[in-house]
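Take a look at the model first, then read on.

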Amino acid sequence: MKDDPAKSDDLSEELRALRAELETLNRHRFVRIHNNMPRLLAFNFARGLAVGLGTVLGATVLLSLIVWALSQIEFLPIIGEWASQIAEQMRSAQE
């Protein structure tokens with residue numbers, strides 16, 4: 001059994017296409033960042049700062065809305081008074 005020249009040409013063409021694709025992937029920004037340790041550390045640090053800031057801001061807005069909504073409830077004496085006290089302390093802290 002001899003190697004079929006058509007199969008060999010097909011294999012060579014597939015190998016060229018694979019090499020071209022690998023070159024394209026290696027030029028991609030994501031791969032370049034992950035191949036350089038200082039750049040990777042800086043990227044992850046910035047990402048961590050963004051996630052932390054987003055978490056803090058989101059929790060602040062959500063908690064403010066919850067406290068405001070609870071302060072509007074008058075028919076539950078314990079929760080309404082507690083939320084009103086928190087809202088009043090927040091207003092006094094802003095001034």
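L15 counts as partly exposed because its relative accessibility is 41%, where partly exposed lies between buried (under 20% relative accessible area) and exposed (over 50%), with a 1.4 Å probe and protein chains only. This is a predicted model, so local features need pLDDT of at least 70 and side-chain atom pairs count only at pLDDT 80 or more, while totals for chains, interfaces and linings use all residues. Residues are numbered from 1 along each chain as its sequence is written, and side-chain values use heavy atoms, with hydrogens and water left out.

L15 sits in helix α1, residues 5-26. The protein chain has four helices and zero strands, in the order α-α-α-α from the N terminus; helices are DSSP runs of H or I with at least four residues, and strands are E runs of at least two.

What about the chain as a whole?

| Property of the protein chain | Value |
|---|---|
| Radius of gyration | 30 Å |
| Accessible surface | about 8600 Å² |

For 95 residues, a compact globule would have a radius of gyration near 12 Å; that radius is taken over C-alpha atoms, and the globule rule is 2.2 Å times the number of residues to the power 0.38. Carbon and sulfur atoms hold 64% of the accessible surface, computed by the Shrake-Rupley method with a 1.4 Å probe.
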